[in-house]
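Please look over the structure below before reading on.

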Amino acid sequence: MKEQVSQLILQALDTLVQQGQLPGDLPDRVQIDRTRDPSHGDLASNVALGLARAAGKKPRELAALICEALPQAGFIARTEIAGPGFINFFLSGASSQAVIQRILEQREAFGTSRLGEGRKVQVEYVSANPTGPLHVGHGRGAAVGDCICRLLQATGWNVTREFYYNDAGQQITNLALSVQARCKGLGPGDPSWPEDGYRGDYIEEVARAYLRGDRIDATDQHVSGAADPEDLDSIRRFAVAYLRREQDLDLQAFAVHFDNYFLESSLYDNGEVEATVQRLIERGHTYELDGALWLRTTDFGDDKDRVMRKSEGGYTYFLPDVAYHLNKWNRGFVRVINEQGADHHSTVTRVRAGLQALESGIPEGWPDYVLHQMVTVMRDGEEVKLSKRAGSYVTLRDLIDEVGRDATRYFLAARAANSQLTFDINLAMSQSNDNPVYYIQYAHARACSVMRRLEEQGWEWTEEAALANLDALTEEHEKALLRQLDRYPEVVASAATSNEPHGVATYLRELAGDFHTCYNALKVLVEEPGLRDARIALSEAVRQVIANGLGLLGVSAPESM
RNA sequence: GCCCUCGUAGCUCAGUUGAAUAGAGCACUCCCCUCCUAAGGGAGAUGUCGCAGGUUUGAGUCCUGCCGAGGGCACCA
């Protein structure tokens, strides 16, 4: 619709140029906005404001000229010049009601698009090292990352969901040592407890399972406990598998899954790290200093150069990061989105710089990053900091168990990632109108109950009859709903383009609000068949859009509550 | 010290890529079920958009500086 109005204006501008009212160089597109205030019509354009200076006319005068030159179009009821020179467009009743037909035809597909054109996109998220249960921060990453994936799928991208982790290195050695200490009956208080060991109770569970010889099947790891407290390597493999499985269960409870698990160690095993170093050296962006090999990342916007190979011979973590992203590029992902905690933001410039230094045709600014800020959990007005099992942090599982999957997902995804989030447990659990999750779900359930009541009344409803009677929808509350429904595809497209799933949550809150208002003011199941059919169609359209939107957030749409 | 993010109603947050009187919800005051689930709705009140400049016909939105909050600044991952 925006596009059509835009075409009309462009034609009008063309006419004015031919009449000599406007100079020749015109924009090839004009801005059309949805109005905030219904008294301003449905759509508005600011062309006249923008072109007034070049035209040497006052904005309102120019707006009047443009309006006169507008070609006739059935979907426009009238236009109006307002404020400093806006042109407001009032859509005809039929064209605003037509959204219902589109929704009922397209159903689950309403709001989806082919923006992605089947191109390959990879989203990397969570990527927690297997050293303990997932914490709330991982939960935020899981919710945001998963919603981004759903949005990308809905807009026609070919999505791969990936989880990257490290099963070697210092952290994992530390983990193995901690489990070993537990195997030997030591606790965090003992003098021989490993320095910086993991202190949570779950370490003891790992140790017991290892000594029992349990078999562990995680999505990507399968191993049995060797039950030998002296075999550190065996303990390491077991602990990694155990905690990976632990995380799998957390993610499963959260309805988040991955297509691929990627091991940092594989980059060493198959020589990609070494090949990356060679490539960087060949390209001449490296130098040796104090026995270390440096990459001149300052050539690519970094504020200081970075060490790639330490003087003792080992690589810094920065290098596998670059190798990993080169690997992603080589797998053909034209778009890559990394969802991470903001505490990793310093890697952004570094990785991009490293990729530029490879001179492999990777675009500047690739990949995308979505960095989420910290989550603070509150209960009864006080900050919750500890979980019993993990020892030092609130786990994702704690939240899911306490407030449920739907509320947890909604709260973690409903806010812009780059702002700090306060997770209020009491609010998330409250079954009242305070709680946006229930508010939205209730709107869906209400629409479902309309259909149930319809059957109880013994009334018939057919789509054909309803679509023939849509012109009965003339009340302001109904119009507001129609406008809101019409916006949905744009909301989805914009959320997908900007990697901002919270836009969908905000939209659903508004749509549900408009529905409740309308529902309260106007009875759906009235005696008069034409009006009843039309209102049921409206209610059904709202239900469908809420279900679609909740689907994008991974939140259920219950038929009754 | 440098870098990143944030600062909007008492609280939690939106703000459609620069537009028309800045919006919701909660909390507060009143009101609405013989009526499709009141897990709902209506009315009222609520702001120097952190501060100060700048760009622009127009700034919550863009630029600069300052203040405040969080995070990051290793030959650690």
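The model is predicted. Chain A contains 20 helices and 17 strands. Chain A has 561 residues, and 52% of them count as buried. Its accessible surface is about 25300 Å², with 46% of that area belonging to carbon and sulfur atoms. Among the contacts in chain A with a separation of 6 or more, 70% are between residues 24 or more positions apart.

Two packed helices are described by the distance between their axes and by the angle between those axes. Helix 16 covers residues 436-457 and helix 19 covers residues 502-521; their axes come within 9 Å and cross at roughly 45 degrees. The crossing of helix 16 with helix 19 is left-handed. On the helix 16 side, the residues in contact are Pro436, Tyr439, Ile440, Tyr442, Ala443, Arg446, Ala447 and Val450. They meet Ala505, Leu508, Arg509, Ala512, Gly513, Phe515, His516, Tyr519 and Asn520 of helix 19. By class, this contact has 12 nonpolar, 3 polar and 2 charged residues.

How do the axes of helix 10 and helix 11 cross, and at what angle? Helix 10 (residues 272-282) and helix 11 (residues 318-330) have axes that come within 9 Å and cross at roughly 95 degrees. That angle makes helix 10 roughly perpendicular to helix 11. Helix 10 contributes Glu272, Val273, Thr276, Val277 and Leu280, which meet Leu319, Pro320, Val322, Ala323, Leu326 and Asn327 in helix 11. The contact of helix 10 with helix 11 has 8 nonpolar, 2 polar and 1 charged residues by class.

The last stop is a residue in helix 1. Glutamine 4 lies in this helix, which runs over residues 2-18. Is glutamine 4 buried, partly exposed or exposed? Its relative accessibility is 39%, so glutamine 4 counts as partly exposed. Glutamine 4 and phenylalanine 75 are 71 residues apart in sequence, while their C-alpha atoms are 9.4 Å apart in space.

Notes:
Residues are numbered from 1 along each chain as its sequence is written. Chains are lettered from A and ligands numbered from 1 in the order in which they are written. This is a predicted model: local features need pLDDT of at least 70, side-chain atom pairs count only at pLDDT 80 or more; totals for chains, interfaces and linings use all residues. Side-chain values use heavy atoms; hydrogens and water are left out. Axes are lines fitted to C-alpha atoms, for helices over the stretch in contact, and angles run from 0 to 180 degrees between N-to-C directions. Helices (H or I, at least four residues) and strands (E, at least two) are DSSP runs, numbered from the N terminus. A crossing is left-handed if the near helix is turned anticlockwise from the far one by less than a right angle, and right-handed if clockwise. Contact means heavy atoms within 4.5 Å. Ala, Val, Leu, Ile, Met, Phe, Trp, Tyr, Cys and Pro count as nonpolar, Asp, Glu, Lys and Arg as charged, and the others, Gly among them, as polar. Buried means under 20% relative accessible area, exposed over 50%, partly exposed in between (1.4 Å probe, protein chains only). Accessible areas come from the Shrake-Rupley method with a 1.4 Å probe; for residues, only the protein chains shown count as cover. Angles under 35 degrees count as roughly parallel, over 145 as roughly antiparallel, 65 to 115 as roughly perpendicular and the rest as oblique.
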